[in-house]
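This report describes selected features of a single protein chain. The sequence and the structure are shown below, and the discussion follows them.

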Amino acid sequence: MANPLDPKPDASLDSNSFLSGMNESGATERPFADKLDASMAKDRSVIGKNIKFRGELIGTEDLHIEGTIEGTVIMEGHDLSIGREGEINANIHAQNIVINGTLTGDALADELIEIRNTAVVKGNLIAPRIQLDDGGKFRGSMDMVDTDDEMKARHSEFKDKLVHPNLPPKDEAPSRPAAKKSFAPKDTAKDSAKETELADS
C-alpha cells in the first residue's frame, strides 16, 4: 500500500502526456500571425456580437471585436482583432490589426495588417507589413511604408480620418453652461423704460 505522505509523481513526466515525445528540436516555428494571436489572447477586452457601438472608441489595451462598430477606433500601441462576426464601419489605427470579419474603412497599423481568408475589406491600408491570405476579399489600396519618416508622415495625414464626423474636434474646449443672469433691483422707473425701449428695438 502506498504511503499517503509520499510525494505524488509529477504529471508532466507521465509518458501518456500529450506533450510526451516532443522536444524543442522537433518543434516547428509558428508563423508570426499565430504568435500574434497567442499574445492577443492573453490580455484583451472583447466587444461581443450582440453589442453595437457608434462613435469614437479609444483603448489602451488589446481589443477583440465580434460586434458592430461605426465611427473611429483608436488603439495606439495595442493590437486590434476583428472576429468573424465583427462588422466595422470605421477608420482604425492600432499596432497590429488582424481581420477575420468585415471592415469598411481605412486602416493604419504601426506593424502589421493581416486579412484572413474569411475577411471582407473595403478601404485603404497603410502599414509596414500587409498580409492577404488566400480567400480573403479586399478592395482598395495598400501602402507598405518603408521608413520611419514616411510612417510619421502617414500618421499626421491619417489623424484627420480619425475624427468622427458627429463629434467636436479634440482640441475644442468643452462648452460651459451659460452663467445665470442676476438682476439688480430697479432703481427708478426711468431704467425700466430704457430696457423696454431696447427690447422693442
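Glu-114 belongs to strand E8, which spans residues 107-115. The model is predicted. In it, Glu-114 has a relative accessibility of 2% and therefore counts as buried, given that the term applies under 20%. Its side chain forms a polar contact of 2.8 Å with the side chain of Arg-116.

## The chain as a whole

The protein chain contains three helices and 13 strands. Of its 201 residues, 31% are buried. The chain exposes about 14200 Å², and 51% of this area is supplied by carbon and sulfur atoms.

Among the contacts in the chain with a separation of 6 or more, residues 24 or more positions apart account for 17%.

Which residues of helix H2 are buried? In this helix, formed by residues 148-158, they are Met-151, Arg-154 and Phe-158. They lie on the same side of H2, because they cover an arc of only 60° around the axis. An α-helix has 3.6 residues a turn, so residues three or four places apart point the same way.

The cover over the buried residues of H2 includes strand E6 (87-99), E8, strand E10 (125-127) and strand E13 (142-144). On the face of H2 turned away from the buried side are the exposed residues Asp-149 and Lys-152.

## A salt-bridge network at Arg-154

The count of salt bridges comes to five. Three residues, Asp-143, Glu-150 and Arg-154, are linked in a network of such bridges.

In one of these bridges, Arg-154 pairs with Asp-143, with the closest N and O atoms 2.7 Å apart. This pair links distant parts of the chain, since Arg-154 is in helix H2 and Asp-143 is in strand E13, 11 residues apart. Arg-154 has a relative accessible area of 18% and so is buried, whereas Asp-143, with a relative accessible area of 22%, is partly exposed.

The side chain of Arg-154 also meets that of Glu-150 in a salt bridge, at 3.3 Å from N to O. Both residues lie in helix H2, four residues apart, which is about one turn of the helix. Glu-150 counts as partly exposed because its relative accessibility is 24%.

Which residue meets Asp-106 in a salt bridge? The partner is Lys-161, and the side chains meet at 2.8 Å from N to O. Asp-106 lies in the loop between strand E7 (102-104) and E8, while Lys-161 lies in the loop between H2 and helix H3 (189-200), so the pair ties together parts that are 55 residues apart in sequence.

Lys-161, at 35% relative accessibility, counts as partly exposed.

## Arg-54 in strand E2

Arg-54 is found in strand E2, which covers residues 52-58. With a relative accessible area of 63%, Arg-54 is exposed, as the term applies over 50%.

Arg-54 and Ala-90 are 36 residues apart along the chain, and their C-alpha atoms are separated by 9.4 Å.

Terms used. Residues numbered from 1 in each chain as written. Predicted model: local features only at pLDDT ≥ 70, side-chain atom pairs only at ≥ 80, totals over all residues. Heavy atoms only, no water. Helix = DSSP H or I, 4+ residues; strand = E, 2+ residues; numbered from the N terminus. Buried < 20%, exposed > 50% of the residue type's maximum accessible area, 1.4 Å probe, protein only. Polar contact = N/O pair within 3.5 Å; in protein donor to acceptor, adjacent residues only side chain to side chain. Contact = heavy atoms within 4.5 Å. Areas by Shrake-Rupley, 256 points an atom, 1.4 Å probe, with all protein chains shown as cover. Arc of directions from axis to C-beta. Salt bridge = Lys/Arg side-chain N within 4 Å of Asp/Glu carboxyl O.
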